[in-house]
Amino acid sequence: MKYKTIVIDDEDKLREVLVIKISRHCPELDIVAKAQNADEAYAMIIEHKPNIIFLDIAMPGESGFDLLERFDTIDFEIIFATGYNEYALDA
């Protein structure tokens, strides 16, 4: 079974590295979209209805946490991808 996946990160290079690693090591994940901010991510989540999202927390404008607050129900799994230790407990 393939799991629809969206990668969300504001940094192009980090987003692409994550896509490469997922493609190499997780063949069961089908990356259906990539987003660089919360607005793009929200639209893509609504459109693609993913099973899993890889979510950066610290993004300009709205954070990954702000994005999640837009949803009444979260019916997808979340894997937080961040380089900031201070977000660990909240994540």
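Leaving aside neighbours within four places in sequence, which residues is Leu 55 in contact with? Leu 55 is in contact with Ile 8, Gly 64, Leu 67, Leu 68, Ile 78, Ile 79, Phe 80 and Ala 81, where contact means heavy atoms within 4.5 Å.

## Basis of the model

This is a predicted model, in which local features need pLDDT of at least 70 and side-chain atom pairs count only at pLDDT 80 or more, while totals for chains, interfaces and linings use all residues. Residues are numbered from 1 along each chain as its sequence is written, and side-chain values use heavy atoms, with hydrogens and water left out.

## Overall architecture

The protein chain has 3 helices and 4 strands, arranged along the sequence in the pattern β-α-β-α-β-α-β. Helices (H or I, at least four residues) and strands (E, at least two) are DSSP runs, numbered from the N terminus. Of the 91 residues in the protein chain, 32% are buried; buried means under 20% relative accessible area, exposed over 50%, and partly exposed in between, with a 1.4 Å probe and protein chains only. Among contacts between residues at least 6 apart in sequence, 68% join residues at least 24 apart.

## The sheet

The 4 strands form an open sheet in the order β2-β1-β3-β4, with parallel pairing; two strands pair if DSSP finds at least two bridges between them. Because β2 (29-35) and β4 (77-80) stand at the edges with a single partner strand each, one side of each is left without a neighbour in the sheet. The twist averages 25° from one strand to the next, with axes being lines fitted to C-alpha atoms (for helices, over the stretch in contact) and angles running from 0 to 180 degrees between N-to-C directions.

Strand β3 (residues 52-55) is joined to β4 by 4 bridges, and Leu 55 has Phe 80 as its bridge partner in β4. On strand β2, Asp 30 is partly exposed, with a relative accessible area of 36%. Not counting residues up to four places away in sequence, Asp 30 touches Lys 2, Tyr 3, Lys 4 and Thr 5. The C-alpha atoms of Asp 30 and Thr 5 are separated by 5.7 Å, although these residues are 25 apart along the chain.

## Helices across the sheet

Helix α1 (residues 12-25) lies across β1 (3-8), β2 and β3, and runs at about 170° to β2. Helix α2 (residues 38-48) also lies across β1, β2 and β3, at about 140° to β2.

In α2, the residues Ala 38, Ala 41, Met 44 and Ile 45 are buried. They cover an arc of only 125° around the axis, which puts them on the same side of α2; the arc is that of the directions from the helix axis to the C-beta atoms. The cover over these buried residues includes β1, β2, β3 and α3, whereas the face turned away from the buried side carries the exposed residues Asp 39 and Glu 47. At the N-terminal end, Asn 37 caps α2, with a side-chain oxygen 3.1 Å from the backbone nitrogen of Asp 39. Lys 49, which follows α2, has a positive phi near 45°.

## Nonpolar cores

The largest nonpolar core has 15 residues, and those with the most contacts inside it are Ile 6, Ile 8, Ile 45, Ile 53, Leu 55, Leu 67 and Phe 76. A nonpolar core is a set of buried Ala, Val, Leu, Ile, Met, Phe, Trp, Tyr and Cys residues joined through side-chain atoms within 4.5 Å. Two or more residues each come from β1, β2, α2, β3 and α3 (64-69), and α2 gives the most, with 4 residues. A second, separate core of 6 residues includes Val 7, Val 19, Ile 22 and Leu 29.

Notes: Polar contact = N/O pair within 3.5 Å; in protein donor to acceptor, adjacent residues only side chain to side chain.
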